[in-house]
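Here are some friendly notes to read alongside the model.

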Amino acid sequence: MEKCETTDVAIIGAGPAGAAAAAWLAQRGYGVRVLERQHFPRFSIGESLLPQCMVHLETCGLLEAAQAGDYQPKNGAAFCWRGSESAIDFRHKFSPGPGTTWQVERADFDHRLIEAASQAGAEVTHGVEVTDFTADRESPRLTLQDESGTMQHLNARFVLDASGYGRVLARLTGLDRPSTLANRSALFTHVEDRIRCPDHDREKILIGIHPRHSGIWYWLIPFRHGRTSVGVVAEPAILEAAGSDDPTRLWSLIGEEPRFAELLENAEAVRDIARLQSYSADIKRLHGPGFAVLGNAGEFLDPVFSSGVTIALDSAVRAAPLVARQLEGHTVDWAAEFEAPLRRGVATFRDFVDAWYDGRLPRIIFHDQQSPRLRGMIGSVLAGYAWDTDNPFVAASRRRLDRLAESCAIEASPDKATVT
């Protein structure tokens, strides 16, 4: 007979969203089971955090565990295109809250967070896969399979899906739906960067735009101890045309962007080139009878502004108190209290992603005569404060971006971009 166990809250996935929700609930005495398919530490991208994350880590009691990682400090984002460079310093943002964060190797970061959640009382099981799910407001049921093939059932009083790109409940409940964003893919690796350029700021992520093809962009995320995450994002057909295999494609495209070619001329890859294909995803709704969906397990936009971990943590700290209320017998309106406010911030990020790819945001970023106040408002969103409706670029992001972009004109020559 298959074994059947029970818990207050079952959480699928031990990444940042799962760890945050588990820590918050376990600290308040709830029985929490975290179910993770992989063994930690394990590699993941999404390595450049946003300052908003620091607020959420503190809320769920994980900030001290993260601080112990001694990660590379991050205070902003730098951009390069056709010889021009521009930077946004998060310390000068419009919204209240921290202005600095870290750039982290996620294998270590995620491991520290879930270990801290375990120390708070959550029971964490690795090497187990959720193969079936029955939604129920009072007692949702998960079917689990471990690495030996043994099956068991787990009945919970509530289920949170923090499975990230696995998107477990979106698949099992039929809620998965295609993203409205264009189909793009990423190639990436970690390198010993051997960067010697004295003007390279390791406290900022560097985002580059291809000098001829605006739909191709690059990231460079410095870590401590001389390592860096580097990647390129483009439509799949463009990546395929760049070479015969993924290492050739990545390094060929990096060689076409002058600043990246200069910084990485002596770099040596320390892990295989990886590919993330057709990464954007969406979901019909983020909740159902006895369950809610967190972070990338519901909707993932694009890596360009590093919003993934921020959205994951935001969803976790919104959901966990609501789970506690429901377990105490109170009625929770998950649509109004969880999904609607979470989606509002995601929509702000989406407006910025759209503006990045259609050229409005680069025109704004490379404009050299913006007021500090406007720059601070843009910087606040890029720092993760996408829920601060006191910021006009949150309250009416698309309209404000349209108006600001109209006032900025970029005249490009073969050698550089001049902002007028």
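Which residues line the largest cavity? The points below begin with that, and please keep in mind that this is a predicted model.

1. **The largest cavity.** Its lining is made up of S48, L50, K74, A77, F79, F90, I205, I207, V304, F305, S306 and L382. Two strands, β4 (76–81) and β13 (204–209), are the elements that give two or more residues to this lining. Sorted by class, the lining of the largest cavity has nine nonpolar residues, two polar and one charged. The space inside comes to about 60 Å³.

2. **How many cavities there are.** A probe the size of a water molecule, rolled over the atoms, shows where empty space is left.

3. **The second largest cavity.** This one holds about 50 Å³ of space. Around it you will find L286, G295, E299, I311, L342, R343 and V346. Helix α10 provides the largest share of the lining, with three residues. The classes here are four nonpolar, one polar and two charged.

4. **The largest pocket.** About 1,000 Å³ of space lies in the largest pocket. Its lining counts 49 residues, and those nearest the centre are R42, S44, S163, G164 and Y165. Helices and strands both take part: α1 (16–27), α5 (168–172) and α9 (308–327) each supply at least two lining residues, as do β2 (32–36), β8 (128–134), β14 (217–222) and β17 (274–276). By class, the pocket lining divides into 25 nonpolar, 15 polar and nine charged residues.

5. **Helices α10 and α12.** Two packed helices are described by the angle between their axes and the distance between the axes. Here the axes of α10 (residues 334–357) and α12 (residues 372–382) come within 10 Å and cross at roughly 115°. The two helices are therefore roughly perpendicular to each other. Their crossing is left-handed.

6. **What touches what in that pair.** From α10, the residues T348, F349 and F352 meet I378, V381 and L382 of α12. The residues of this contact divide into five nonpolar, one polar and no charged.

7. **Two links to look at on screen.** L382 of α12 is in the contact with α10, and L382 is also one of the residues lining the largest cavity. Helix α10, for its part, packs against α12 through residues including F349 and gives three residues to the lining of the second largest cavity.

How values were computed
Residues numbered from 1 in each chain as written. Predicted model: local features only at pLDDT ≥ 70, side-chain atom pairs only at ≥ 80, totals over all residues. Heavy atoms only, no water. Axes fitted to C-alpha atoms, helices over the stretch in contact; angles between N-to-C directions. Helix = DSSP H or I, 4+ residues; strand = E, 2+ residues; numbered from the N terminus. Parallel < 35°, antiparallel > 145°, perpendicular 65-115°, else oblique. Left-handed = near helix turned anticlockwise from the far one by under 90°. Contact = heavy atoms within 4.5 Å. Nonpolar A, V, L, I, M, F, W, Y, C, P; charged D, E, K, R; others polar. 1 Å grid on protein atoms, 1.4 Å probe; cavity = no way out; pocket = protein on both sides within 12 Å on 5 of 7 lines; lining within 4 Å. Points joined across faces, edges and corners; volume = space filled by probe spheres on them.
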